Amino acid sequence: MSKFLPQKRKLLEEVFQKASNETPEQSFNGITNYLERTLKDDHQIFLSYKTFETYYKTIVERDEDYNIKTVILDDLSRYLEYDNFRAYCLDWKTIEYTISQTLSKIVINITNKPIFTMPDFFKKNGLGIMEMIFVLLLVTGGVVFSNPKSSNRLGIISGLNPPATDKPFMYWDKDRYMATDSNYLGPQIEVVPMDARPFKYLKKITRPDTLTVHNKVWYDKSDNEVEFFTSFGKHPENGKTLKEATEHIIETYAGR
């Protein structure tokens, strides 16, 4: 595996996610076309949507390496407000889990942190296989890295902790969607079929006083009350289509 394959995969995912949050387009081609125009008009970055599609489908969807020029990696990192790809990698913390043959050969590699091996640790402390499994479950269930520029960075072992979008239903809980296996949680809670996009990206902004005119947000005004959200779509409670917030709306109803 390429030395920087995980970093390139995450970079492409975040670039695509940012573009999808900025445009009402929902199709893959629509989002990548928007990305091409935005990179060219706002950042003087010339990258065709077909080229980005090749990168994305090869690295993200097929999990295969692809040789991307350093200058392009730097440009995509700048779109995410990093100085270059090196700065993006230094700011990105992840846990890569490699399970080989037996549990005694588990190695946890922490990017940009000292590397330690599980066997040496357990041998030193006299722990057996059952203790190893217990500690492993604790780690995989509770390790979360926060990043001021990007959130939701969670390291998990595939299969032990499936994504929440695997659940068939979801419901709105104050400021975000929660996943559930049940289609009925009581008369006061409306349970709807799982929809990955709003589940991941649509959240109510609980601190609108932190917004500035540079933020890309959406809003709803009902009963003289304005609520702000992180993505386009429909209001989870009243079903109204959210509108993109203008500078006037932010200055009038939010901001410092």
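1. Y171 stands opposite M178 in strand β7. β7 covers residues 176–180 and pairs with strand β6, residues 169–173, in the antiparallel sense over 5 bridges. Helices (H or I, at least four residues) and strands (E, at least two) are DSSP runs, numbered from the N terminus. Two strands count as paired if DSSP finds at least two bridges between them.

2. A word on the basis. This is a predicted model, in which local features need pLDDT of at least 70 and side-chain atom pairs count only at pLDDT 80 or more, while totals for chains, interfaces and linings use all residues. Residues are numbered from 1 along each chain as its sequence is written, and side-chain values use heavy atoms, with hydrogens and water left out.

3. F169 shows both pairings. Its bridge partner in β7 is T180, and in β8 it stands opposite P193. Strands of a sheet pair through backbone hydrogen bonds, either parallel or antiparallel.

4. S222 belongs to strand β9. Is it buried or exposed? S222 counts as buried because its relative accessibility is 19%; buried means under 20% relative accessible area, exposed over 50%, and partly exposed in between, with a 1.4 Å probe and protein chains only. Leaving aside residues up to four places away in sequence, S222 touches N238 and K240. Contact here means heavy atoms within 4.5 Å. The side chains of S222 and N238 make a polar contact at 3.5 Å. Such a contact is a pair of N or O atoms within 3.5 Å; within protein, one must be able to donate a hydrogen and the other to accept it, and residues adjacent in sequence count only if both atoms are side-chain atoms. S222 and K240 are 18 residues apart along the chain, and their C-alpha atoms are separated by 9.3 Å.

5. Now the helices. The axes of α1 and α2 come within 9 Å and cross at roughly 95 degrees. That makes α1 roughly perpendicular to α2. Axes are lines fitted to C-alpha atoms, for helices over the stretch in contact, and angles run from 0 to 180 degrees between N-to-C directions. Angles under 35 degrees count as roughly parallel, over 145 as roughly antiparallel, 65 to 115 as roughly perpendicular and the rest as oblique. From α1, the residues V15, F16, A19, S20 and E22 meet F28, I31, T32, Y34, L35 and T38 of α2. By class, this contact has 7 nonpolar, 3 polar and 1 charged residues. Ala, Val, Leu, Ile, Met, Phe, Trp, Tyr, Cys and Pro count as nonpolar, Asp, Glu, Lys and Arg as charged, and the others, Gly among them, as polar.

6. T23 lies in the loop between α1 (5–22) and α2. T23 is buried, as its relative accessible area is 4%. Its side chain reaches the backbone nitrogen of E25 at 3.2 Å. Not counting residues up to four places away in sequence, T23 touches I31, Y34 and F232.

7. How do α2 and α4 pack? α2 (residues 28–43) and α4 (residues 70–79) pack at an angle of about 85 degrees, with their axes 11 Å apart. The two helices are therefore roughly perpendicular to each other. L35, T38, L39 and H43 of α2 make the contact with L76, R78 and Y79 of α4. The classes here are 4 nonpolar, 2 polar and 1 charged.

8. Finally, α3. Its buried residues are F52, E53, Y55, Y56, T58, I59 and V60. Where do they pack? Against α1, α2 and α4. E53 deserves a look. α3 spans residues 49–61 and includes E53, which counts as buried because its relative accessibility is 13%. E53 touches F28 and N29, not counting residues up to four places away in sequence. After α3 comes D63, whose phi is positive, near 55 degrees.
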